[in-house]
Amino acid sequence: MAGHESRPVLQFAPFQSSVDEGFWHRLSSLKLNKLGIDDSPIPITGFYAPSAHPQVSNYLTLLAESLPTEPCEQSSVATVIRGNRNRCSAPGILYNTNTLEGFHAIDKQSLLKAEAKKVWESIHSGEAEEDSAILSRFLLISFADLKKWSFHYCFAFPALVLDPPATLLDLRPASQYFSIQEAESVSAACNDWRNSSSTADVPFFLLSISSNSHATVRHLKDWEACQHGEQKLLFGFYDPCHLPNNPGWPLRNLLAFICSRWKLEKVHFFCYRENRGFADLGFSLVGEALMSVPQVERLMKGWEDPQHIPSAVGWELNRGKKVPRCISLAKSMDPTRLAISAADLNLKLMRWRALPSLDLNVLSSTKCLLLGAGTLGCQVARMLMAWGVRKITLVDSGKVSMSNPLRQSLYTLDDCLNGGDFKASAAVKSLKRIFPAVEAEAVVMAIPMPGHPVPSHEEKGVLEDCRRLNDLIESHDAVFLLTDTRESRWLPTVLCSNTNKIVITAALGFDSFLVMRHGAGPGPINAVHDSEAKAVDSLRAAMGKSSLMDRDGGKRLGCYFCSDVVAPVDSTSNRTLDQQCTVTRPGLAPIASALAVELLVGILHHPQRICAKAEFSNSTDIGRTEQPLGILPHQVRGSLAQFSQMTLVGHSSDSCTACCCTAINQPTYLEDLTGLTELMKSASSFEVDWDDDINNDADFLEI
Amino acid sequence: MVSDQATVDVSSWNGTLSLSDFRESASAFAEKWKEFNSAVPQWSWVVCPPRPWIAARDVDGYLSLKNAFLPRYKEEDNIGGCQIGEEEPSCSDVNERTDNAILVRSYGHEVHFYDFHVVYNSSYRVPVLYFRAYCSDGQPLTLSDIKEELPASSMKMLKECKWTFITEEEHPYLNRPWYTLHPCGTSEWMKLLFANDALVAKDGVVAEQYLVSWFSVVGQVVGLKTPLEMLHSCTRL
């Protein structure tokens with residue numbers, strides 16, 4: 001033993017692994033679609049190539065193709081193609097556990113031994129001589145956390161340990177070892193070997209150089225044939241390592257193979273490395289290794305006794321530590337995250353050229369309250385999401401009935417079964433299915449309505465609902481009135497007008513619709529959006545709360561209830577549109593909903609927001625229309641019968657039941673605002689006997 | 001679209017490319033790249049399994065350059081979410097500890113690898129650059145990681161030019177998210193690029209040089225420079 005100490009031990013640079021995303025993607029789908037709970041080992045294929053860069057080693061790489069294909073996609077996916085010079089295949093085995101605990105509990109040492117045994121047996125049987133790639137056999141253990149898209153794994157490249165270790169007699173660049181003639185011939189022979197599709201991916205070979213400097217590359221199995229004549233014989237291998245003083249890992253098992261198969265003590269090895277696709281002898285190495293006699297003898301003993309297996313090493317370290325690696329692919333696999341980045345794309349593209357001033361942050365942070373989750377509510381919610389609005393609350397007390405899904409675009413038959421889900425919750429579920437990142441909330445609640453007698457035992461509940469509605473309005477930025485009755489819009493209108501929230505109303509007739517934004521309430525504007533709004537505030541104060549006046553001295557824009565009173569008298573607008581809500585031409589609701597949302601986007605992008613003046617199509621006030629989103633009308637009325645649409649303005653009425661000064665600014669009135677008594681009182685002012693039975697659709701039709 | 005006659009008057013050209021011209025241009029580009037950039041990885045044509053809506057005679061595929069690497073300038077240990085936990089006592093093995101035939105390597109510098117694909121977009125009729133980056137163990141880098149690595153000139157381009165819009169989109173063949181430069185401005189600036197070229201003005205647009213010119217622009221965004229000689233050699237065609 002003492003003799004060996006003077007000579008350095010031959011040290012091998014460990015193999016390094018690299019796993020392509022595609023491998024984990026396919027493993028995940030394999031696990032989900034085919035394997036299920038089955039955790040039996042899976043044969044896989046790794047790929048490597050000779051190092052081709054003086055600073056970087058080549059990795060043993062796993063790709064999607066490393067895994068067996070799923071039966072259903074066999075036709076479309078090519079199997080591993082042999083003969084690719086940059087993808088020499090190495091056989092491997094994958095143990096994918098079902099749990100993280102299982103992963104950590106794996107007896108790594110015995111698994112490594114089992115794989116080393118396979119290498120040893122293939123050497124013993126001569127199989128390795130035929131198919132040398134077996135010498136680079138590897139092992140992968142993993143746990144695929146498919147819920148978090150993270151993968152824990154550990155590689156092993158089992159190497160048979162020579163004891164005592166081989167020592168190094170000589171190691172130098174191949175260009176120094178060979179004569180010039182030899183080097184030329186070696187390069188040519190190697191290039192031929194690498195360029196022939198039958199040998200390009202055969203990673204171990206014999207390099208024989210005859211006395212006339214002619215080099216030949218042969219298969220390992222031709223060793224016997226190379227024993228005649230005066231020639232240099234080197235054992236070559238594709239060296240994934242780039243280091244100038246160390247051969248790569250595959251040489252370890254090659255030496256064990258040579259030592260036990262041919263009982264050689266002194267061996268010349270050739271670390272084949274490349275540059276630009278050609279043999280680079282300045283980069284390649286030639287070395288001479290010495291394996292001690294006792295070692296050979298021991299191996300020979302082992303040879304006779306196949307039960308004896310040399311000990312093995314080879315677990316890959318993680319930055320120098322024996323710790324499993326973990327890779328997270330949530331960014332590229334989590335459908336929610338993918339949906340978010342994809343959803344933003346269209347909007348960002350709009351900003352790019354058509355609408356550079358589009359404020360995506362304002363849209364995504366605006367909290368929208370949708371009162372009513374029917375035909376209009378469904379459609380408005382979808383349009384809001386399309387514009388990048390992410391915070392949506394839906395309020396509805398109804399359940400999804402069989403007649404709903406055809407027109408109410410968020411529901412399907414499933415939502416109608418077993419008595420039907422609540423519309424609000426079914427709509428939220430559906431919104432999340434469309435876009436998982438939406439922050440949608442469902443509130444199952446009836447909107448307190450004037451004119452609907454409240455039995456005394458329900459009084460408390462209705463009062464509670466009033467309070468809840470007020471809280472909801474307080475906590476949102478924009479409110480959509482999308483219910484199918486006129487009276488259900490009253491209380492929200494009053495509350496919004498008091499808090500100066502953005503309100504948008506959409507109402508449908510049989511073939512005509514009204515979409516409008518409510519003007520600011522008579523009170524001071526509390527929610528200050530910008531300095532200009534502040535100016536409005538102070539101006540308003542200076543004017544002594546002249547409730548009908550706007551900052552420009554113009555009239556305040558009306559709400560749904562004012563405009564009804566002051567609307568121009570014509571045959572269309574004379575009708576109370578909402579009365580016929582559920583009997584409408586099917587195209588009407590999507591048109592009105594889309595306009596309602598576009599109106600909101602307009603308001604959010606207008607410097608004066610809720611106080612913005614009404615603008616008209618073909619407006620002569622051209623300076624104002626220069627907003628990138630175009631004009632901001634107060635009301636849009638449309639008729640499908642005429643295929644026409646017009647923009648109108650209706651100013652606030654001082655006798656409006658919902659937004660007039662007295663209704664809002666008188667302290668006693670406000671105090672009673674959520675009170676049932678007041679509700680009941682005001683209810684009496686409605687002459688019509690409203691019917692809230694939505695199943696009696698036909699009764700609503702006004703002829 | 002560049003016609004089959006290989007050249008077309010630049011004034012009437014709309015800056016796009018047909019699928020067959022794309023393939024022709026791609027192979028010319030790969031050849032030129034090999035000639036002038038032999039030191040860096042080479043482009044290769046990846047053949048994709050035929051898809052039902054594409055005529056059988058058309059070989060479907062894309063150009064691919066794999067494993068280009070940029071040595072990192074920053075020293076940072078935990079980039080890209082590679083987590084290192086406590087060493088497991090259970091897996092310690094006497095053999096491995098004492099086996100002095102294992103070279104103990106230093107893990108000082110982490111190399112990042114880049115893959116580039118040039119894919120034909122049949123809606124815009126232009127080539128599109130898809131790319132991704134990952135640590136040596138395969139952990140993908142995020143866009144902000146990538147942006148930190150790109151040379152300062154790229155960052156300047158990203159800021160100043162409107163067409164250099166990096167988004168994450170599904171790779172049309174791999175069905176996995178890759179980063180891409182959106183193609184909607186490509187035909188316009190290609191038209192500008194060719195209109196300013198005196199030789200093109202004289203001889204017409206040559207399909208072969210489309211990709212070389214195109215890449216001379218988009219390559220800069222991701223830190224891949226096109227040698228000037230490559231451009232010159234092409235215009236001399």
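These are legends for a few close-up views of a predicted model.

**View 1. Chain B, element by element.** Here's chain B, with eight helices and six strands to pick out. Starting at the N terminus, the order is α-β-β-α-β-β-α-α-β-β-α-α-α-α. The chain has 237 residues, and 30% of them count as buried. Look at contacts with a sequence separation of 6 or more: 64% of those in chain B join residues 24 or more positions apart.

**View 2. Helices H12 and H14 of chain A, packed against each other.** H12(A) covers residues 375-386 and H14(A) covers residues 423-434. Their axes sit 11 Å apart, at an angle of about 30 degrees. Angles under 35 degrees count as roughly parallel, so H12(A) is roughly parallel to H14(A). As for handedness, H12(A) makes a right-handed crossing with H14(A).

**View 3. The residues between H12(A) and H14(A).** On the H12(A) side you'll find A:Gly377, A:Cys378, A:Ala381 and A:Met385. Facing them from H14(A) are A:Ala427, A:Leu431 and A:Ile434. Sort the contact residues by type and you get six nonpolar, one polar and no charged.

**View 4. A:Leu251 and its surroundings.** A:Leu251 belongs to helix H7 of chain A, which spans residues 250-262. Buried or exposed? A:Leu251 has 29 C-beta neighbours inside 10 Å, so it counts as buried; the cut-off for that is 20 or more. Skip the neighbours within four places in sequence, and the contacts of A:Leu251 are A:Phe12, A:Phe237 and A:Phe269.

**View 5. Confidence along chain A.** On average, chain A has a pLDDT of 81, and 80% of its residues score at least 70. Residues 565-575 of chain A are another story, with pLDDT below 50. That stretch still has 15 contacts in the model beyond near neighbours in sequence. Over residues 667-703 of chain A, pLDDT stays under 50 as well. Here the model has 46 contacts beyond four places in sequence.

Key. Residues numbered from 1 in each chain as written. Chains lettered and ligands numbered in written order. Predicted model: local features only at pLDDT ≥ 70, side-chain atom pairs only at ≥ 80, totals over all residues. Helix = DSSP H or I, 4+ residues; strand = E, 2+ residues; numbered from the N terminus. Buried ≥ 20, exposed ≤ 12 C-beta atoms within 10 Å, placed from the backbone. Contact = placed C-beta atoms within 7 Å. Axes fitted to C-alpha atoms, helices over the stretch in contact; angles between N-to-C directions. Parallel < 35°, antiparallel > 145°, perpendicular 65-115°, else oblique. Left-handed = near helix turned anticlockwise from the far one by under 90°. Nonpolar A, V, L, I, M, F, W, Y, C, P; charged D, E, K, R; others polar. pLDDT = per-residue confidence, 0-100.
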